[in-house]
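Try each task yourself before you read the solution.

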Amino acid sequence: ADIPVIPDLDEVQEEDLAMQVAAPPSVQVNRVLTYHDLDKDLMKYAAFQTLDGEVDLKLLTKVLAPEHELREDDVSWDWDHLFTEVSSELVTEWDLGQSERED
């Protein structure tokens with residue numbers, strides 16, 4: 001009587017699973033930190049001042065470039081213009097190399 005029984009396919013098909021919907025997963029959304037927040041945290045916590053307890057990172061944190069120096073304007077690239085510019089520079093370098101070898 002305690003022996004498990006494998007259900008028949010007919011019994012499984014009788015269950016209407018088409019109307020059942022799985023619950024959506026719950027995702028915790030974390031706020032993305034800004035550069036300013038990261039800079040403040042870097043200077044505030046002593047854990048970022050050393051690496052493995054041996055390497056002193058204070059000098060590095062003092063000379064890190066601020067965010068406004070790292071920001072660059074978006075520049076659109078034109079493939080034809082970029083290809084022409086790079087190939088022109090390569091030809092110029094090649095010509096200089098050839099003239100140096102001849103001398």
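**Exercise 1. Find out how confident the predictor is in this chain, and where its confidence is lowest and highest among the elements.**

Solution. This is a predicted model, so start with pLDDT, the predictor's confidence in each residue. The chain averages 78, and 78% of the residues score at least 70. Next, go element by element: helix α1 (residues 9–14) has the lowest mean, 65, while helix α5 (residues 79–102) has the highest, 90. Keep in mind that where pLDDT is low, the predicted coordinates should not be read in detail.

**Exercise 2. List the secondary structure elements in order from the N terminus.**

Solution. First count them: the chain has five helices and two strands. Then walk along from the N terminus, and the order reads α-α-β-β-α-α-α.

**Exercise 3. Is V86 buried, partly exposed or exposed?**

Solution. Begin by locating V86, which lies in helix α5. Its relative accessibility is 41%. Buried means under 20% and exposed means over 50%, so V86 counts as partly exposed. Now look around it: V86 belongs to a nonpolar surface patch with V75, W77, W79, L82, F83 and L90.

**Exercise 4. What share of the chain is buried?**

Solution. Of the 103 residues, 5% count as buried. For the surface, the accessible area of the chain is about 10700 Å², with 57% belonging to carbon and sulfur atoms.

Notes
Residues numbered from 1 in each chain as written. Predicted model: local features only at pLDDT ≥ 70, side-chain atom pairs only at ≥ 80, totals over all residues. Heavy atoms only, no water. pLDDT = per-residue confidence, 0-100. Helix = DSSP H or I, 4+ residues; strand = E, 2+ residues; numbered from the N terminus. Buried < 20%, exposed > 50% of the residue type's maximum accessible area, 1.4 Å probe, protein only. Areas by Shrake-Rupley, 256 points an atom, 1.4 Å probe, with all protein chains shown as cover. Patch = residues over 30% accessible without salt bridge, like charges linked within 9 Å, V, L, I, M, F, W, Y side chains within 5 Å. Salt bridge = Lys/Arg side-chain N within 4 Å of Asp/Glu carboxyl O.
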